[in-house]
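Please open the model in a viewer and keep the selection tool at hand. The stops below are arranged so that each selection can be made in turn.

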Amino acid sequence: MESGSLLFSFFLIFSGAAILATAALFTRQPLLVAYIVLGAFLGPYGMEMVTDTGLLNDIAHVGIIFLLFLLGLDMQPAHLGHLLKKTATVGLISSIIFALTGYGLGLAFGFSQKEAVITGATMMFSSTIIGIKLLPTTVLHHKHTGEILVSLLLLQDLLAILVLLLLYNFDGGFANSRMDVLMALAALPMIIAAAFLAVRYALLPLMARFDRFHEYMFLLAIGWCLGFAELAHALNLSYEIGAFIAGVSIATSPISQYIAINLKPLRDFFLVLFFFSIGASFNLNLFGDVWLPALIMTVICLLLKPATFGILLRANEKKSTAWEVGFRLGQTSEFSILIAVLAAGQMLIGEIAAHVVQATAILTLIISSYVVVFNYESPIAVSEKLRRD
């Protein structure tokens, strides 16, 4: 893509997003829906006005990296360990239930064993972006509901990273794949230790010395985030886990909230591209082949996930809290789309199976967003009484 066409693509995306977002706000619809619809309309399977979705996907991926970095900034390390320990049982049991359900549905749709296994894996995860984006800051910082939600999402993210590691290394055979996963897991504590040592002896002294220079603080935060993202990737972990570790490592610093506030506009810029790329990457020509399986999976997902979390969390939580967490996690994930695309690229699943997974993710992201903004506190809630930021 030439620079001129890239600039024109950005013009179309952000001008179009501004127009549709305005219409969405007037009609009290979730903004995320506007971005996905715009992607389908302007993308290579719609009006063909933005065709290089591969580049946009790469750019949009940065938004997820910043999202995980900012999430880490809100997590005190000791508190994070406590949360993961508290919700580990619920997270693992629910993931097994969702995986088995997805596997059974895959077989019912006539998928091969391998396709059914991967379809089951994509059902395990809920959207980190939807979960955090629709969670008010006050809930994230102070309320028990936000803590449960974030800890479950983090556990799912760790499982997603394991699945991605297996897929990334599948071409080398199982033995290679297993060795790479073991090496990655061994590298994880080393990265964590390196991050905390670097914060103590390098990052915090630099911040204390030059904290009057806001531009420098901004650049230092971005470099820290992307540096650890790249380091994690080099050690067979994902960019996201590296960014998250980078965020957690400076969560105890008094400057962490300043960094979080200043990086949010940058994160939102990339997330617009992410949701646009979701809509643009879907092949509308396959709609006739995938709409029924995707619709069935969507309905089952939207019913099963809230019910499963609602029941499992009832052992230790209030009924209202358990069901709210369930509905906020009642969708599949951006990781589901990534897994489907990666598996299709390695010829592990066919085009139809990949698009069923993608269509299910798009539908559940949209419908789940509606459920949350109409019924629970969020920054873009339909009701003024529920609107919180």
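The tour goes from the pocket to the cavities, then to helices, a loop, a surface patch and a salt bridge.

The model is predicted, so local features need pLDDT of at least 70 and side-chain atom pairs count only at pLDDT 80 or more, whereas totals for chains, interfaces and linings use all residues. Residues are numbered from 1 along each chain as its sequence is written, and side-chain values use heavy atoms, with hydrogens and water left out.

**Stop 1: the largest pocket**

Select Asn-57, Asp-58, His-61, Phe-274 and Leu-338, which lie nearest the centre of the largest pocket among its 26 lining residues. The elements that contribute two or more residues to this lining are helix 3 (53-73), helix 10 (214-234), helix 11 (239-249), helix 12 (256-280), helix 15 (334-345) and helix 16. Helices here are DSSP runs of H or I with at least four residues, numbered from the N terminus. Helix 3 gives the most, with eight residues.

The volume of the largest pocket is about 630 Å³. On a 1 Å grid over the protein atoms alone, a pocket is an open set of points with protein on both sides within 12 Å along at least five of seven lines; a cavity is a set where a 1.4 Å probe fits but cannot get out; lining residues have an atom within 4 Å of a point. Grid points are joined across faces, edges and corners, and a volume is the space filled by probe spheres set on the points.

Colour the lining by class to see 14 nonpolar, eight polar and four charged residues. In this scheme Ala, Val, Leu, Ile, Met, Phe, Trp, Tyr, Cys and Pro are nonpolar, Asp, Glu, Lys and Arg are charged, and the others, Gly among them, are polar.

**Stop 2: the cavities**

How many cavities of 30 Å³ or more does a search of the whole structure find? There are two. For the largest, select Lys-86, Thr-87, Val-90, Ile-148, Leu-313, Asn-316 and Glu-317, which line it. Its volume is about 60 Å³. Helix 4 (residues 77-108) gives the most to this lining, with three residues, and the classes are three nonpolar, two polar and two charged residues.

Next, select Thr-122, Met-123, Met-297, Thr-332, Ser-336, Val-357, Thr-360 and Ala-361 to show the lining of the second largest cavity. Helix 5 (113-123) and helix 16 (351-375) are the elements that each give two or more residues to the lining of the second largest cavity, and the largest share, three residues, comes from helix 16. About 30 Å³ of space lies in this cavity. Its lining has four nonpolar, four polar and no charged residues.

**Stop 3: helix 11**

Return to helix 11, where 10 of its 11 residues are buried. Buried means under 20% relative accessible area, exposed over 50%, and partly exposed in between, with a 1.4 Å probe and protein chains only. The buried residues include Glu-240, Phe-244 and Ser-249.

**Stop 4**

Select Val-37 in helix 2 (residues 31-42). Val-37 is partly exposed, at 43% relative accessibility.

Move on to Gly-43, in the loop between helix 2 and helix 3. Is Gly-43 buried or exposed? Gly-43 is buried, at 0% relative accessibility.

Glu-48 belongs to the loop between helix 2 and helix 3 and is exposed, at 55% relative accessibility. Most residues other than glycine have a negative phi. Glu-48, not a glycine, has a positive phi of about 60°.

**Stop 5: a nonpolar surface patch**

Select Phe-287, Trp-291, Leu-292, Leu-295, Ile-296, Val-299 and Leu-303, which form a nonpolar patch on the surface with about 650 Å² of accessible area together. Patches join residues with over 30% relative accessible area and no salt bridge: like charges within 9 Å, or nonpolar side chains (Val, Leu, Ile, Met, Phe, Trp, Tyr) within 5 Å. Areas come from the Shrake-Rupley method with a 1.4 Å probe, and for residues only the protein chains shown count as cover. Phe-287 lies in helix 13 (residues 287-313) and is partly exposed, at 49% relative accessibility.

**Stop 6: the salt bridge**

Finally, select Arg-328 and Glu-324, which form a salt bridge with the closest N and O atoms 3.0 Å apart. A salt bridge is a side-chain nitrogen of Lys or Arg within 4 Å of a carboxyl oxygen of Asp or Glu. A search of the whole structure finds one. Arg-328 and Glu-324 are about one helical turn apart because they are four residues apart in helix 14 (residues 319-328). Arg-328 is buried at 2% relative accessibility, and Glu-324 is buried at 17%.
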